[in-house]
Amino acid sequence: MSRRLSRATLGNVAVILALLVIGALLLRLHLGDTVWWTAPRQPAWLLASAALLVYAGLCLAVWWRGRRRAEAVDSAHPPLLLVWASQTGFALALAERSAQTLREAGLAVRVRSLHQVDGPLLARMQRALFIVSTTGEGDPPDHALPFLRRVMSAAPSLQHLQYGVLALGDRSYGNFCAFGHQLDSWLRQHGAHALFDTVELDNADPATLRHWQQLLGQLGGNASEQPDWSPAQYQPWRLLAREHLNPGSVGGPVYWLRLQPPPGETPPWQAGDIAEVGPRHPVAHVEAWLLRHDINGSWQDDDGITLAQHLSSAHLPDVPADDPPALLQQLQPLPHREYSIASVMADGALELLLRRQRRADGTPGLASGWLCDHVAVGGIVDLRVRRNPNFHGVPPGTPLLLIGNGTGIAGLRAHLRERASTAGARTWLLFGERTQQHDFHFRSELEQLHREARLERLDTVFSRDGGEHRYVQHRLQAEAERLRHWVHDGATILVCGSLQGMAPAVDAVIEQVLGAQGKEALLLTGRYRRDVY
Ligand SMILES: Cc1cc2nc3c(=O)[nH]c(=O)nc-3n(C[C@H](O)[C@H](O)[C@H](O)COP(=O)(O)OP(=O)(O)OC[C@H]3O[C@@H](n4cnc5c(N)ncnc54)[C@H](O)[C@@H]3O)c2cc1C
Ligand SMILES: Cc1cc2nc3c(=O)[nH]c(=O)nc-3n(C[C@H](O)[C@H](O)[C@H](O)COP(=O)(O)O)c2cc1C
């Protein structure tokens, strides 16, 4: 960068020197009797025109070389395109914030306003995020109109594009987030693949913003380390029980957790909703940090909370302030993590299914490490329930196809429990994991539901049980005829689990079996929805 800057500076200095020399030469014409008042003769015109052409050619060549070089860099490390369309500036502000988050996670990001985007640019990109608002009566922002006229009326092929949409709006208007949905539908119709369902942001709702930040963290290859843009107000839940479900598995350890809200403060939730958890550092980690910086952790604030307790839920600074009050001011809270709720309120407690993640350096993930290894049974977990209407259930009379892998069974199990009490509800579960022996989570419960005909179909696929590796998408493909029948009978499809691998592969099978228009119709009517991470 500094080399490029110094070359640019040198170039500018050279141009200024050249202009000074030309100026000095021209000045001579004005000195003495040499002033030339007549029109230039033909050779002078030709010379001037030739010089102008050479200069224009030079400018073109420099511009073209720069463009080619930028494209060459792009093809080695394709940047993520972040596009915004905003009427009053909020979408732009969120785009800038999102770009910063992604860059801090190490991603190359190119930010563009929607009116600067065209079909060839979208076709060249591999990943794009759109943050767009709706104005008027369900209209796009004014500056987006050229995009509608030039680009959305054409038919670019966007087969290689994976995208996500954050649609800004306000539920008090009739056409909620209409432009975001219009854009999403257009992208899909032209072959682009949605990374996740369009996120609807109602009036800057803080919980939705935290969810968007979480998705950005996933795209960055690691969940975000940045403090939440709008921190959650957690409740102190008590951990009642925890069980390691898959000892001996070749996959990462999976734990089942059961939690209870503070007395008299049970928040309502339903199948599809999310638990936001505030992680904490292990006690030993905080003590080691205090020792290293020679700080007394037993200092208490006015509410009797010790410094060590404050530190447990904050980023531990490399260079801490000297006195405890200044250190408190310096602390940045740890960001939240999201987990699909695996139970319904009638179960009397909130259940989660977690895989303990490992970071590149081998240490456990921040939140999964805290929940699976460190918080004691009987201890307190900071938790908040977030409504997730996009993944709520369907009326008992509607057939429901649940598809998922790994810990994705958590969200699907809540739906099964919600429907299990209703006679006559038709439900089909298609679940995939590594081995039947170790990773068939909730096996006895699922088999019992199936035996009692409260789960009409139970299909499982285990990729490491010998032979060719087969996954959920292969099983769905094998059941193509049944899928067609269920959809014909009005089924809704809910997918929960891996954003990478499973969700796009299942999406491709659904499109292949039902056709692009069939899939589109399901999406438009809310009959195909996903909660993937
Ligand atoms: C809507 C939603 C629902 C979710 N539901 C569940 C659930 O039911 N059960 C569950 O276990 N997790 C779920 N997650 C993922 C969860 O929120 C965390 O991202 C995950 O537990 C890792 O967080 P961490 O703090 O332990 O790891 P971090 O300290 O953030 O990172 C640890 C390492 O894990 C890797 N990592 C982070 N997230 C994932 C991931 N999703 N898959 C693979 N590797 C990852 C990172 O690359 C990093 O190397 C959900 C996420 C979303 C957005
Ligand atoms: C005049 C006006 C009309 C709006 N019309 C809609 C609408 O039809 N549908 C909707 O979901 N939101 C509507 N909104 C809400 C905006 O989409 C929302 O405030 C959004 O956050 C604005 O983002 P922006 O600042 O990036 O434009 C409207 C807002 C205004 C001020």
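1. Asn388 counts as buried because its relative accessibility is 10%; buried denotes under 20% relative accessible area, exposed over 50%, and partly exposed in between, with a 1.4 Å probe and protein chains only. The model is predicted: local features need pLDDT of at least 70 and side-chain atom pairs count only at pLDDT 80 or more, whereas totals for chains, interfaces and linings use all residues. Residues are numbered from 1 along each chain as its sequence is written, chains are lettered from A and ligands numbered from 1 in the order in which they are written, and side-chain values use heavy atoms, with hydrogens and water left out.

2. The loop that holds Asn388 lies between strand 12 (380–386) and strand 13 (400–405); strands are DSSP runs of E with at least two residues, helices runs of H or I with at least four, numbered from the N terminus. Apart from neighbours within four places in sequence, Asn388 is in contact (heavy atoms within 4.5 Å) with Gly272, Asp273, Ile274 and Asp531.

3. Ligand 2 is surrounded by 19 residues, the closest being Ser86, Gln87, Thr88, Ala91 and Thr134; a residue is included if one of its heavy atoms lies within 4 Å of the ligand.

4. An oxygen atom of ligand 2 lies 2.5 Å from a backbone N or O atom of Thr134. For Gln87, a polar backbone atom is 2.7 Å from an oxygen atom of ligand 2; for Cys177, the corresponding distance is 2.8 Å. Of the 650 Å² of accessible area (Shrake-Rupley method, 1.4 Å probe) that ligand 2 has on its own, the protein covers 79%.

Methods:
A polar contact is a pair of N or O atoms within 3.5 Å; within protein, one must be able to donate a hydrogen and the other to accept it, and residues adjacent in sequence count only if both atoms are side-chain atoms.
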